[in-house]
Every structure is written in structure tokens, then in C-alpha cells.
Amino acid sequence: MATHVSEAPTLRKTPLHALHLARGGKMVPFAGYDMPVQYAAGVLKEHLHTRAAAGLFDVSHMGQIALRPKSGKIEDAALALERLMPQDVVAIAPGRQRYAQFTNAAGGLLDDLMVANFGDHLFLVVNGACKAADEAHLRKHLADACSIDMLTDRALVALQGPKAASALARICPEAPAMKFMDAGPQQVDGISCFVSRSGYTGEDGFEISIPAARAEAVVSRLLDNPDVMPIGLGARDSLRLEAGLCLYGHDIDTTTTPVEAALEWSVQKSRRSGGARAGGFPGADVILSQLEQGASRRLIGLLPEGRAPVREGAQLFADTNSADPIGAVTSGGFGPSLNAPVAMGYLPASHAAVGSLVFADVRGQRLPLRVSAMPFVPHNYKR
Amino acid sequence: MTVLYTTDHEWLRIEGDTATIGITDHAQSQLGDVVFVELPKVGRQLKKAEPAAVVESVKAASDVYAPITGEVLEVNDTLSSEPALINSDAAGKAWIFKLKIADKSELGGLMNEAAYKAHTA
């Protein structure tokens with residue numbers, strides 16, 4: 001067996017680090033943090049428990065940023081942020097959030113994120129591995145209009161699954177009344193938190209930002225409920241893959257545009273050609289033209305026809321013997337709820353239609369995969 | 001009958017000229033839930049340290065190396081339909097393949113149970 005031992009440099013700890021250790025978390029380096037990849041139950045059980053009841057995820061490695069308009073008018077912060085993304089930020093109503101991406105001059109993605117309107121300021125949640133670069137990017141481009149606060153003294157947890165609402169209701173009675181993508185300050189167990197009804201599993205659920213010093217107490221209250229199980233990064237990845245959700249640095253990065261990544265739905269009409277605030281973000285020429293004409297390649301779902309998982313990096317071919325790859329798998333593994341391997345990757349538009357058959361090179365063999373619609377497991381959002 | 005171990009967490013049960021090979025309980029607990037096993041072809045000539053089989057968990061694929069040189073005599077087809085057997089009985093029913101031992105002197109480099117326990121302690 002090949003086992004891997006990582007000599008990690010000094011890893012950062014989230015406010016829930018001691019809780020992970022106490023609950024038997026198997027810790028690994030992730031985005032510069034020492035994070036649980038799984039607990040004693042294991043990835044398979046953690047995954048299935050989240051879909052059947054509720055899972056609790058520590059995502060405190062992610063960046064939480066407050067953007068405050070210097071003018072005092074929230075619309076000025078929204079307009080400023082629109083300089084960096086193809087989303088309509090102005091239209092995000094108070095108490096709502098929206099999925100967004102920071103783009104670069106080539107139309108590629110610097111990061112993907114959530115933007116919430118908290119009434120007097122915007123609240124951003126960005127990827128952990130990108131947060132330092134995102135902060136610098138915001139300071140460079142928005143310092144004229146906004147003050148930018150990296151909220152480093154807060155934990156972030158996700159509570160996901162069909163029993164998430166009833167579990168959270170015990171300590172936050174307002175939670176069940178929230179709708180998908182509602183977001184704002186809430187008292188949770190008497191602590192001032194930020195709660196959104198969203199997540200990264202395809203299930204109903206919440207993300208809860210908690211002051212660091214109170215995080216362990218709040219999370220312990222949530223875990224003090226047989227419906228709620230702590231879930232590691234392993235199941236987080238298999239859950240989001242089954243839900244067809246992109247992972248930054250794998251399915252999307254600086255070389256993929258929102259159109260190639262099948263994220264057109266996240267670019268509102270007002271920012272497209274002919275819209276009230278068309279363009280005006282990095283890479284607008286590329287992205288607006290792709291929105292009208294399509295892109296030459298596309299991120300698609302793939303269902304391997306056999307049992308062997310086809311993993312990230314596997315090259316994709318049009319047939320069993322051609323020498324030149326036509327694409328590659330960007331995420332792949334085993335979907336416990338489907339009880340089958342699942343993958344996503346890029347293919348030329350000519351091969352991207354649902355039902356197309358392609359072949360992946362896995363250890364020298366060409367394994368057949370069928371292009372599939374995503375999500376692989378239906379979303380269960382509370383709209 | 002002797003059971004020997006490798007530093008790569010494989011076990012070998014030696015019976016005459018045949019070695020039955022699997023991964024240890026320690027290895028399966030490190031891997032987590034096994035969802036797929038790729039078996040070598042019967043008749044294949046394996047050289048010592050060559051990748052022989054692949055054990056995949058939800059998260060990752062891990063090679064199983066041939067601990068010694070030899071010809072594949074038999075493989076455990078049950079693992080194709082029941083890969084999780086590796087988690088429940090790694091040292092027993094979840095044997096992976098059998099080799100015809102080509103060179104018995106290669107066994108000298110392997111560990112006995114006490115040495116393996118010390119290795120994983």
C-alpha cells in the first residue's frame with residue numbers, strides 16, 4: 001500500500017480545532033489549515049447521514065469579508081463590487097444573497113463566492129485558498145468606495161440536510177422561516193451570528209458565522225442532537241460533486257470562464273449585452289461574447305459506465321484508440337448516494353451533449369463514460 | 001503456514017509455493033470505505049514492487065504493489081461486487097490475489113507479525 005505522510009508547514013487552526021480532535025477527526029492539511037477529512041464514522045456514512053438527516057461542517061477556513069460603503073449608501077458598495085464581477089449586485093435585496101465570481105481580464109475566474117446584502121453593508125464568503133488574494137484584489141480596486149474588513153475572528157459552519165432546519169430551530173427559532181438564499185444577522189443560542197439558508201451539498205441547510213470565542217459552544221449545542229453528525233472534508237467533496245457544484249481550483253480557475261463552466265445562470269440580464277449595466281467587469285468582452293455565441297468547451301457531468309472511479313486529471317478521448325485527448329476530468333470519485341462513480345470535466349461543445357459517449361484513460365485502459373445532466377442527485381432547496 | 005508483512009501494509013500467507021496477498025487491517029482503516037478494487041489478470045507475471053492491484057476509497061486510489069516476484073494464480077473476484085469486504089475482513093475473506101512464488105529468498109526481506117506490529121505502533 002502506498003501511504004502518504006505530509007510534512008506540513010505550520011498549519012492554522014480553526015476555532016473548532018479542539019472539537020474536531022475531541023470527536024476523533026482525522027486531520028489533514030487543507031487550504032493552510034489543519035482540518036478533519038473524516039471522523040470515526042467514515043466518508044460513506046457521513047455522506048449518507050447528511051442526505052438522510054443532518055451534517056455539521058467546519059468551513060472556518062473560508063474568508064468572511066465585510067464591505068462597507070464609504071458613502072453610507074449600500075448601492076455604492078454594490079456598484080463598486082460590480083466592477084469586479086458579472087453579477088447584478090445592486091439587485092440583491094436586503095436579507096438576500098447571491099452566487100458570484102471574481103473575473104480576470106481573460107474572462108477567467110479568480111474565485112467564486114457568495115455576496116449577501118446585510119442592509120448597511122455587503123457580506124462576502126470566499127474560498128479559503130483564495131482569501132488573501134481576494135482581499136488584496138478588493139483593496140486594490142474598491143478602496144475608493146468601500147472599507148474592507150476581513151473578519152478573522154469568526155468561525156463558519158454549515159448545517160446541511162433534510163433535518164438541518166429542525167436542528168437549528170432548537171437554538172434559532174427564526175431559521176425555519178428563512179428561504180433558500182436568505183441571509184442576515186440572527187441570534188443563535190443567544191449569540192449574535194450571521195445565518196444564510198444555503199450550502200454546498202445540494203441539500204436544504206444553513207451556513208452560520210459565529211464569533212470565534214462562542215463557536216465551540218454553539219456547535220456543541222447543534223451536535224447535542226442525534227440527527228446531527230460532524231462531517232469531514234471527504235464527504236463534503238462527494239456531496240458537492242453529486243450535487244454538480246463546482247470546486248474552485250479544480251473545476252473552475254483562472255483559465256475557465258463562467259460560460260465554459262456552465263455558470264451562465266449566475267450572470268443576470270442587467271450585466272449582459274443590452275442590459276442596464278452591461279459589461280464593466282474584467283473579461284467582459286470575452287464573457288459577453290461567449291454568452292451570446294457559446295464557448296468552444298463546456299463543463300459537463302460524466303457517469304462512468306463501469307464501477308471504477310474516474311478521478312481528477314484523467315484525460316478524455318472521443319474513442320478507444322485515438323491518441324489526442326479532447327478534454328479532461330476535473331473532479332471525479334464515488335457518489336455514495338448514487339452508489340456509483342461520478343465525475344465532471346471539460347469537453348468540446350461537439351461532444352458535450354447529454355448522452356454522448358466518451359472514454360477516459362485510467363491506468364492505461366479506456367473506460368467509457370456517458371455525458372450526463374447535473375446535478376446527479378436532485379437539489380433539495382427550500383425555495 | 002506463515003504470515004508475513006510488508007512496510008507497505010500488505011500481508012502474505014505462505015503455503016508451499018503459493019503466497020496469498022491482501023492488505024492489512026491497519027491499511028484498510030487508513031483508506032476508509034473501499035468502493036472499488038481493480039484486480040490483476042490471472043497469469044500475469046509480476047515483478048517485486050510492481051503495481052499489482054488498485055484499492056479505491058471514496059476519496060482516493062491506492063496501489064497495491066507485488067510484495068514479491070511471481071505469477072498471478074488466482075484473484076478474489078468477490079471483491080469486484082463487494083469491495084467493502086476489504087473494510088470488514090481485510091486479513092481474511094478480502095484476500096486480493098495469489099502468486100506462485102518465483103524466488104523464496106525474497107521472503108527473507110519481509111516482516112513477521114511482531115515486527116509489523118512494531119512498525120505500525
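**Domain contact in chain A**

I find 22 residues of domain 1 in contact with 25 residues of domain 2; contact means C-beta atoms, placed from the backbone, within 7 Å. On the domain 1 side of chain A, helix H2 (43-52) and helix H7 (233-242) each supply at least two residues. H2(A) gives the largest share of that side, four residues. Helices (H or I, at least four residues) and strands (E, at least two) are DSSP runs, numbered from the N terminus. By class, I note nine nonpolar, five polar and eight charged residues on the domain 1 side that touches domain 2 of chain A. Ala, Val, Leu, Ile, Met, Phe, Trp, Tyr, Cys and Pro count as nonpolar, Asp, Glu, Lys and Arg as charged, and the others, Gly among them, as polar.

The bounds are 8-293 for domain 1 and 296-383 for domain 2 of chain A; they come from an automatic or database domain assignment. Their centres, over C-alpha atoms, are 26 Å apart.

**Conventions**

Residues are numbered from 1 along each chain as its sequence is written, and chains are lettered from A and ligands numbered from 1 in the order in which they are written. In this predicted model, local features need pLDDT of at least 70, side-chain atom pairs count only at pLDDT 80 or more, and totals for chains, interfaces and linings use all residues.

**Cores**

I looked up the largest nonpolar core next and found 129 residues. Such a core is a set of buried Ala, Val, Leu, Ile, Met, Phe, Trp, Tyr and Cys residues joined through C-beta atoms within 7 Å. Buried means 20 or more other C-beta atoms within 10 Å of the residue's own; exposed means 12 or fewer, and partly exposed is in between. Leu81(A), Val157(A) and Leu159(A) have the most contacts inside the largest core. Both domains of chain A give residues to this core, so it lies between them. Leu159(A) touches, among others beyond four places in sequence, Leu56(A), Leu168(A), Phe206(A) and Leu222(A). A second, separate core has five residues, including Val286(A) and Ala295(A).

**Phe123(A)**

Is Phe123(A) buried or exposed? It counts as buried because it has 21 C-beta neighbours inside 10 Å. Phe123(A) lies in strand E7 (residues 122-126) of chain A. Ile65(A) is 58 residues away in sequence, yet 5.7 Å away in space, C-alpha to C-alpha. Beyond four places in sequence, Phe123(A) is in contact with Ala66(A), Ala116(A), Phe118(A) and Phe194(A).

**Hairpin in chain A**

Strands E1 (residues 26-30) and E2 (residues 33-38) of chain A run antiparallel, joined by five bridges. Strands pair if DSSP finds at least two bridges between them. Lys26(A) stands opposite Gln38(A) in E2(A). Two residues lie between the strands of this hairpin, and Ala31(A) in the turn has a positive phi of about 50°.

**Chain B**

I count four helices and nine strands in chain B. Its C-alpha trace spans about 35 × 35 × 20 Å along the principal axes. Of its 121 residues, 41% count as buried.

Which element gives the most to the side of chain B that touches chain A? E7(B) does, with four residues. In total, 19 residues of chain B are in contact with 17 residues of chain A. By class, the chain B side has eight nonpolar, four polar and seven charged residues.

Definitions and conventions
Contact = placed C-beta atoms within 7 Å.
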